[in-house]
Amino acid sequence: MTLLILEWLGEQGVNAMIRMDAERLADNAPAWTFAASGGPLKHGMRADGRTVQQCMSAALAQLRDAGLSVPF
């Protein structure tokens with residue numbers, strides 16, 4: 001699902017990425033990061049999570065708060 005969301009965001013003119021940081025994982029910190037900017041987003045955004053699901057859940061909430069209704 002995450003790749004579909006990234007593709008949809010790109011179609012909306014939003015630059016987006018998801019990343020996993022092995023050093024943060026080893027430190028037992030939230031290792032997953034989602035970042036997006038551009039297009040209809042007035043400001044860049046970032047969401048972190050311990051799992052990809054937590055990360056993307058936080059990211060989707062922020063995107064919806066910014067006015068982007070992601071259809072997934």
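This is a predicted model: local features need pLDDT of at least 70, side-chain atom pairs count only at pLDDT 80 or more; totals for chains, interfaces and linings use all residues.
Helix α1 spans residues 2-11, and its buried residues are Ile-5, Leu-6, Trp-8 and Leu-9. When the helix is viewed down its axis, these buried residues fall within an arc of 165°, so they line one face of α1. The other side of α1 carries Leu-3, Glu-7 and Glu-11, which are exposed. Just after α1, Gly-13 adopts a positive phi of about 85°.

The crossing in which α1 passes α3 is left-handed. On the α1 side the contact involves Thr-2, Ile-5 and Leu-9, which meet Val-52, Met-56, Leu-60 and Leu-63 of α3. By class, the residues of this contact between α1 and α3 comprise 6 nonpolar and 1 polar, with no charged residue among them. Of the α1 residues in this contact, Ile-5 and Leu-9 also belong to the buried set of the helix.

Helix α3 also contains Cys-55, which counts as buried because its relative accessibility is 0%, the cut-off for burial being under 20%. Beyond residues up to four places away in sequence, Cys-55 touches Ile-18, Trp-32, Thr-33, Phe-34, Ala-47, Asp-48 and Gly-49. One of these contacts, Thr-33, is 22 residues from Cys-55 in sequence, whereas the C-alpha atoms of the two residues are 6.4 Å apart in space.

The loop between α2 (22-26) and β2 includes Asn-28, and Ala-31 is also placed in the loop between α2 and β2. Most residues other than glycine have a negative phi. Asn-28, although not a glycine, has a positive phi of about 60°. With a relative accessible area of 59%, Asn-28 is exposed, whereas Ala-31, at 1% relative accessibility, counts as buried. When neighbours within four places in sequence are left aside, Ala-31 is in contact with Arg-19, Met-20, Asp-21, Arg-24, Leu-25, Gly-49 and Arg-50. Between Ala-31 and Val-52, which are 21 residues apart along the chain, the C-alpha separation is 8.6 Å; Val-52 is also one of the α3 residues that meet α1.

Arg-24, which is among the contacts of Ala-31, is itself placed in helix α2. Apart from neighbours within four places in sequence, the residues in contact with Arg-24 are Ala-29, Pro-30, Ala-31, Thr-33, Arg-46 and Asp-48. The C-alpha atoms of Arg-24 and Leu-3 are separated by 22 Å, the two residues lying 21 residues apart along the chain; Leu-3 is one of the exposed residues of α1.

Notes. Residues are numbered from 1 along each chain as its sequence is written. Side-chain values use heavy atoms; hydrogens and water are left out. Buried means under 20% relative accessible area, exposed over 50%, partly exposed in between (1.4 Å probe, protein chains only). Helices (H or I, at least four residues) and strands (E, at least two) are DSSP runs, numbered from the N terminus. The arc is that of the directions from the helix axis to the C-beta atoms. A crossing is left-handed if the near helix is turned anticlockwise from the far one by less than a right angle, and right-handed if clockwise. Contact means heavy atoms within 4.5 Å. Ala, Val, Leu, Ile, Met, Phe, Trp, Tyr, Cys and Pro count as nonpolar, Asp, Glu, Lys and Arg as charged, and the others, Gly among them, as polar.
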